[in-house]
Amino acid sequence: MLRHYGSIEAGPFFFPPGMRRDDLPRDRRHCIAQAGLAYADRMMGVNKSVSGWVRLLALVCLLATLPAAPLSAQVTAPHQAEVEIRTPAPPRPTIGSDWARHLGYELHVTNFYAGTGALRLKRVSIFADRATIPIATFSGAALRALLSPNGDDPPGTGDIVIAGGARVVLFVWLTEPASAPRAAYLRHSVEFETKDGKVEVANDVRVAIDNRPPVRIGPPLTGGPWLAGEGPGNHVSHHWGGVVAIDGQVTIPQRFAIDWFGLDATGHVARVPRDRLAASSDADWVGFGADVLAVGDGVVRDARDGVADGTPLAPQSQPDDLTSRSLYGNFVVIEIAPGVFAHYAHLRNGSVKVHAGDRVGRGAVIGALGQTGQAGGPHLHFHISDRMTFEGSEGLPFVIDGVTRLGSAGIDDTLDPRIKVNVGKARPEKAPSWLPLDGDLVTFVRQGPDSAPDSAPPRRRRGVAQHQ
């Protein structure tokens, strides 16, 4: 009978792959053989009640033959990381000039307890919803590149070290096809290493996705070409990388801000050689004096005029406070929807055509491009945020109607006439509106009425200065 059922004794029912009967000690072979005999007897109807104990006997005998893994080879679950990780502003998917969908957000990572000691940030993996395969993983140099040089720990070559009680901010820019399914949230697995070399992991760190459409606006300028300087997707810029801590809040007002520089037909910002830029005047810069347009119907909530135009590339003094009046020079802020504010800064002295309380229509001229406030050269600073003030506001993504991409360039190249800038031809657009990304060269088609704001009496609001 045993001969007939020899495959049961020495087969896969009792032995794992790669193990033979002769590999076992004699007493273990006998134990397995007895179990095989009993099982065979049950199969032949000798004893139908032995199934459970036969399997148990076989398992016990088999486990007794397997050597114990050395302690060094045993795997233990990583320890929980005693950290706080949060995202102040949830990402809002937005189609960019590359026709892909982008999510830009920040992870504030705090080594919460001072007594914990320094933690080394080793890896960040990001998952969509309940997916088990990450859509992005950052480690080594790629992880360190998520830091902004505007912070206390600029990008370098070593690990990101977070002292006890300290915080770092990671700037995440995810890109996916526009047709990809939309996720409801992102999950993060964040891995650390302690000073003793132990691994700690913060698992299931969730960030909700704001799947509302981005703010849709008209062009802030007309014609072109224009350069989107320090634009969206560039976390090392002074815009997205400019974290503002004021009055108990940490925000990024300029998360999607753009500095618009006018270009000539060759793709350069000024009509003088690079080595003479410091001696140039505002009139030497191509965009100076260009009309600035309302990007939507709305009400002017704040405005100022009367600040003198500056000198290109002159040293800038550091403001005592971070407010619209200390940074913007001459400016206009328009509420184009409830809780949605368009900010225009550095307008030309004497050009501001509106006052707080005025109603404006999309496409109306509200001022002219200049160089006032914290500006190193003539350009229009533009961004959308959720408050009329600079401080305490969060930058919002937007898409622009009537925009066409011509190519891309770096600001340094556009400053030097000796460097060729490829200003291409207008491409056929696949999307009716999109977010210009850092370095884009674009043209605008004017949208809406060509009219000045109505002459109704300004709607004054307490605490809002008028051209001051």
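**Figure 1. The salt bridge of the buried residue D416 in the predicted model.** D416 has a relative accessible area of 7% and is buried; the structure shown here and in the following views is a predicted model. The side chain of D416 forms a salt bridge with R418, with 3.0 Å between the closest N and O atoms. R418, by contrast, counts as exposed, at 72% relative accessibility.

**Figure 2. The salt bridge between D210 and R212.** The closest N and O atoms of D210 and R212 are 2.7 Å apart. D210 counts as buried because its relative accessibility, 14%, falls under 20%.

**Figure 3. The salt bridge between K122 and D159.** The side chains of K122 and D159 meet at an N to O distance of 3.1 Å. K122 is partly exposed, with a relative accessibility of 26%. D159 is likewise partly exposed, at 33% relative accessibility.

**Figure 4. The salt-bridge network of E106, R255 and E394.** Salt bridges link E106, R255 and E394 in a network. The count of salt bridges comes to 13.

**Figure 5. The largest pocket and its lining.** The volume of the largest pocket is about 840 Å³. Its lining comprises 36 residues, of which E230, H238, H239, D259 and Q374 are the closest to the centre of the pocket. By residue class, the lining divides into 17 nonpolar, 16 polar and 3 charged residues. Strands β12 (223-229), β15 (258-262) and β19 (340-347) each contribute at least two residues to this lining. Strand β12 gives the most, with 3 residues.

**Figure 6. The surroundings of A290.** A290 is located in the loop between β15 and β16 (291-293). Although A290 and L369 are 79 residues apart along the chain, their C-alpha atoms are separated by 5.2 Å. When neighbours within four places in sequence are left aside, A290 is in contact with W226, G367, A368 and L369.

**Figure 7. The largest nonpolar core and another core apart from it.** The largest nonpolar core contains 39 residues, and those touching the most other members are W260, V332, Y344, I384 and F398. Strand β19 supplies the largest share of this core, 4 residues. Another core, of 30 residues, lies apart from it and includes Y105, L143, L186 and I209. In soluble globular proteins, nonpolar side chains tend to be buried together.

**Figure 8. The chain as the setting of the close-up views.** The secondary structure of the chain comprises 6 helices and 26 strands. The chain has 468 residues, and 49% of these count as buried. Among contacts between residues at least 6 apart in sequence, 73% join residues at least 24 apart.

Methods
Residues are numbered from 1 along each chain as its sequence is written. This is a predicted model: local features need pLDDT of at least 70, side-chain atom pairs count only at pLDDT 80 or more; totals for chains, interfaces and linings use all residues. Side-chain values use heavy atoms; hydrogens and water are left out. A salt bridge is a side-chain nitrogen of Lys or Arg within 4 Å of a carboxyl oxygen of Asp or Glu. Buried means under 20% relative accessible area, exposed over 50%, partly exposed in between (1.4 Å probe, protein chains only). On a 1 Å grid over the protein atoms alone, a cavity is a set of points where a 1.4 Å probe fits but cannot get out, and a pocket is an open set with protein on both sides within 12 Å along at least five of seven lines; lining residues have an atom within 4 Å of a point. Grid points are joined across faces, edges and corners, and a volume is the space filled by probe spheres set on the points. Ala, Val, Leu, Ile, Met, Phe, Trp, Tyr, Cys and Pro count as nonpolar, Asp, Glu, Lys and Arg as charged, and the others, Gly among them, as polar. Contact means heavy atoms within 4.5 Å. A nonpolar core is a set of buried Ala, Val, Leu, Ile, Met, Phe, Trp, Tyr and Cys residues joined through side-chain atoms within 4.5 Å.
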